[in-house]
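The sequence and structure come first.

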Amino acid sequence: MLLDSGIATIWRGQNTASAGSMPLLMFDVKYFQSYYGDKTVGITRYWTAAAYDDRADLLIEVQRNAGISTADRCQLVPYFDSAAAGYYKILQVQHLLDSDGQPMTDLTLERIDSIDSP
């Protein structure tokens with residue numbers, strides 16, 4: 001698979017609340033960055049997300065990284081489709097081999113309005 005759609009940056013959150021207060025996550029730690037390729041969100045993936053009150057907006061493929069978690073956030077900077085630019089919640093992380101036998105990570109993404117909205 002070609003990773004020719006743009007650059008994906010994975011942001012990791014850290015708790016900025018004072019001790020004893022309700023946690024307040026700020027996603028300001030750049031954890032990982034990779035080129036990415038778009039994939040098709042299939043009907044099964046779409047409806048499975050809907051069954052859990054989620055919305056599978058995008059499916060992308062990045063270089064393998066076993067440390068990516070659903071607690072992280074993904075920022076996309078696409079080369080061509082400017083409508084896809086923005087921040088996304090990671091719904092699912094899958095580690096697999098692409099059509100060339102290279103280890104890759106698939107990320108199912110749901111668009112969010114803002115990375116630090118309260």
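## A buried serine

In this predicted model, S5 counts as buried because its relative accessibility is 11%, under the 20% limit. S5 belongs to the segment before β1.

Leaving out residues up to four places away in sequence, S5 touches Y36, G37, D38, P78, Y79 and F80. With D38 there is also a polar approach: a polar atom of the S5 side chain lies 3.2 Å from the backbone nitrogen of D38.

## The nonpolar core

The largest nonpolar core has 15 residues. Those with the most contacts inside it are I60, V62, C74, L76, L107 and L109. Two or more residues each come from β1 (6-15), β2 (25-39), β3 (58-63), β4 (73-78), β5 (86-97) and β6 (103-111). The most come from β3, which gives three.

Beyond its neighbours within four places in sequence, L109 is in contact with R55, A56, D57, L58, I60, C74, L76, Y88, K89 and I90.

## Aromatic side chains

There are two aromatic pairs. Y46 and W47 are edge-to-face, with centres 5.2 Å apart and planes at 90°. Y46 counts as partly exposed because its relative accessibility is 37%, whereas W47, at 53%, counts as exposed.

Y79 and F80 form an edge-to-face pair, at 6.4 Å centre to centre and 80° between the planes. Y79 has a relative accessible area of 44% and is therefore partly exposed; F80, at 74%, is exposed.

A charged side chain also meets a ring: R12 lies over the face of Y31, 3.8 Å from the ring centre.

Key: Residues are numbered from 1 along each chain as its sequence is written. This is a predicted model: local features need pLDDT of at least 70, side-chain atom pairs count only at pLDDT 80 or more; totals for chains, interfaces and linings use all residues. Side-chain values use heavy atoms; hydrogens and water are left out. A nonpolar core is a set of buried Ala, Val, Leu, Ile, Met, Phe, Trp, Tyr and Cys residues joined through side-chain atoms within 4.5 Å. Buried means under 20% relative accessible area, exposed over 50%, partly exposed in between (1.4 Å probe, protein chains only). Helices (H or I, at least four residues) and strands (E, at least two) are DSSP runs, numbered from the N terminus. Contact means heavy atoms within 4.5 Å. A polar contact is a pair of N or O atoms within 3.5 Å; within protein, one must be able to donate a hydrogen and the other to accept it, and residues adjacent in sequence count only if both atoms are side-chain atoms. Rings of Phe, Tyr and Trp (its six-membered ring) pair if their centres lie within 6.5 Å; planes under 30 degrees apart count as stacked, over 60 as edge-to-face and the rest as tilted. A charge sits over a ring if NZ of Lys or CZ of Arg is within 6 Å of the ring centre and within 35 degrees of the ring normal.
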